Amino acid sequence: MAGTGLALTLVLGAALPASAQAADAAAPQTRCQLTDPRLPEVSGLVEVGDRMLVHNDGGDSLDVYVLDSTCAVVTVHSAAVDPYDPEDLALAVDGTVWLADTGDNTGTRSTVALLALHADGSSSVFRLAYPDGPRDVEALLLAPDGTPHLVTKEVLGASAVYRPVSPLVEDGTVGLTEVGRVDLVLTGTPGGPAGRAGQLMVTGGAVSPDERWVALRTYTDAYVWPLTGSDVAAALAGEPRRVALPEAAQGEALSFTGDSSALVVAGEGLPSDVTVVPLPAAPAPATDAAPADGSVSGLLSADDGPPPVAAAVAAAVVAGVVVWLGGKLVRRRD
């Protein structure tokens, strides 16, 4: 294994930063460009501190790359697990990196898997089965309490949300149950490999480090919902804020910045930009978008002031996991 461990500091209860609430949100900014030949198909991304964790869509081993702010590879965390089609990435409070090995373009998988790369270098495989047959999934939402949620990729925009019916079992299979729906419509935003249908297909997801926001992306747009506690399904049932993403050939990766004030997006192909996108200033529901012709047929590390309860939680100290990163002990606090 190249390198061991990760560092994570979470701050709970912060309000949406004033910069994200401004009437005119700042323009997206390119942070850096992916050029390393080892990263041809970046599908998942998590920002922690001044580092980013990314993984490829595919490969014959479990590899998570640690990048610096210039997109240079700092180290690689690997495990002897041969994934089928890993599509998204999430980081748990305990430092575990979760990969959603849930891609199924052909609809033939009897089970999918969540792959866990633990901070001590060990790895685990947890298999999952849908109640209604194979589904193609590219978005993993890891609730603050650790419950994984999978959001399907649908060409007509009606995505289903699933979560396990019971605690995960290492090397075993647990059933999934549908707990919600996300209905998207055409937005007119250009980009992606699938024409207008790409505006409807969910390709990535993220929960903010302050645990107050949940986001999904398509090839062209991002959607952000407020999150209360760990009820991801209830959050996704509300009205999202929508933001058009910079045009990209195949945008799939999505993360929040470490301070939860913006999104970070990336995609497959080389070279490929990693872009910071400020959160949308005001609700822009998909239903307010102007479709061209109606519906489709064809791992690392204000303010308006938080409400009293959130301020109390934030004051309570949320220290993350502190472990080794490339031989250097990193400790970060907010």
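Modeller: Start with a definition: rings of Phe, Tyr and Trp (its six-membered ring) pair if their centres lie within 6.5 Å, and planes under 30 degrees apart count as stacked, over 60 as edge-to-face and the rest as tilted. A search of the whole structure turns up three aromatic pairs. This is a predicted model, where local features need pLDDT of at least 70 and side-chain atom pairs count only at pLDDT 80 or more, while totals for chains, interfaces and linings use all residues. Residues are numbered from 1 along each chain as its sequence is written, and side-chain values use heavy atoms, with hydrogens and water left out.

Biologist: Why is the pair of Trp98 and Phe126 called tilted?

Modeller: The ring centres are 5.4 Å apart, and the planes stand at 40°. Trp98 lies in strand 8 and Phe126 in strand 10 (residues 123-129), 28 residues apart. Strands here are DSSP runs (E, at least two residues; helices are H or I, at least four), numbered from the N terminus.

Biologist: Are Trp98 and Phe126 buried or exposed?

Modeller: Both are buried. The term means under 20% relative accessible area, with exposed over 50% and partly exposed in between (1.4 Å probe, protein chains only).

Biologist: What makes strand 8 mostly covered?

Modeller: Five of the five residues in strand 8 (residues 97-101) are buried. One side carries Val97, Leu99 and Asp101, and the other Trp98 and Ala100.

Biologist: Which strands pair with strand 8, and in what sense?

Modeller: Strand 7 (residues 86-91) pairs with strand 8 in the antiparallel sense over five bridges. Strand 9 (residues 112-117) also pairs with strand 8 in the antiparallel sense, over five bridges. Strands 7 and 8 make a hairpin with five residues between them, and Gly95 in the turn has a positive phi of about 95°.

Biologist: What makes the contact of Asp101 and Arg109 a salt bridge?

Modeller: The test is a side-chain nitrogen of Lys or Arg within 4 Å of a carboxyl oxygen of Asp or Glu. Asp101 and Arg109 meet at 3.3 Å, N to O. The pair passes. Both residues are buried. The structure holds nine salt bridges. Asp132, Arg135 and Glu154 are linked in a network of them.

Biologist: How far apart are the closest N and O atoms of Lys153 and Glu138?

Modeller: They are 2.9 Å apart, and the two residues form a salt bridge. Lys153 sits in the loop between strand 12 (148-152) and strand 13 (158-164), Glu138 in strand 11 (residues 137-142). Lys153 has a relative accessible area of 12%, so Lys153 is buried. Glu138, at 2%, counts as buried too.

Biologist: Why does the pair of Arg242 and Asp221 tie together separate parts of the sequence?

Modeller: Arg242 lies in strand 18 and Asp221 in strand 17, so the pair joins parts 21 residues apart in sequence. Their side chains meet in a salt bridge at 3.2 Å, N to O. Arg242 is buried at 18%, and Asp221 is buried at 0%. Strand 17 (residues 221-226) and strand 18 run antiparallel and are joined by four bridges. Tyr223 stands opposite Arg242.

Biologist: Why do strands 15 and 18 count as edges?

Modeller: Each has a single partner strand, so one side of strand 15 (204-207) and of strand 18 (241-244) has no neighbour in the sheet. This open sheet of four strands has the order 15-16-17-18, with antiparallel pairing.

Biologist: How do you know that Cys32 and Cys71 form a disulfide?

Modeller: The cut-off is a pair of cysteine sulfur atoms within 2.5 Å. The sulfur atoms of Cys32 and Cys71 are 2.0 Å apart, so the pair qualifies. Cys32 lies in strand 2 (residues 29-34) and Cys71 in the loop between strand 5 (62-67) and strand 6 (73-79), so the link ties together parts 39 residues apart in sequence. With 65° about the S-S bond, the link is right-handed. The search of the whole structure finds one disulfide.

Biologist: Why do Cys32 and Cys71 count as buried?

Modeller: Cys32 has 8% relative accessibility, and Cys71 has a relative accessible area of 5%. Both values are under 20%, so both residues are buried.

Methods: Pairing = 2+ DSSP bridges.
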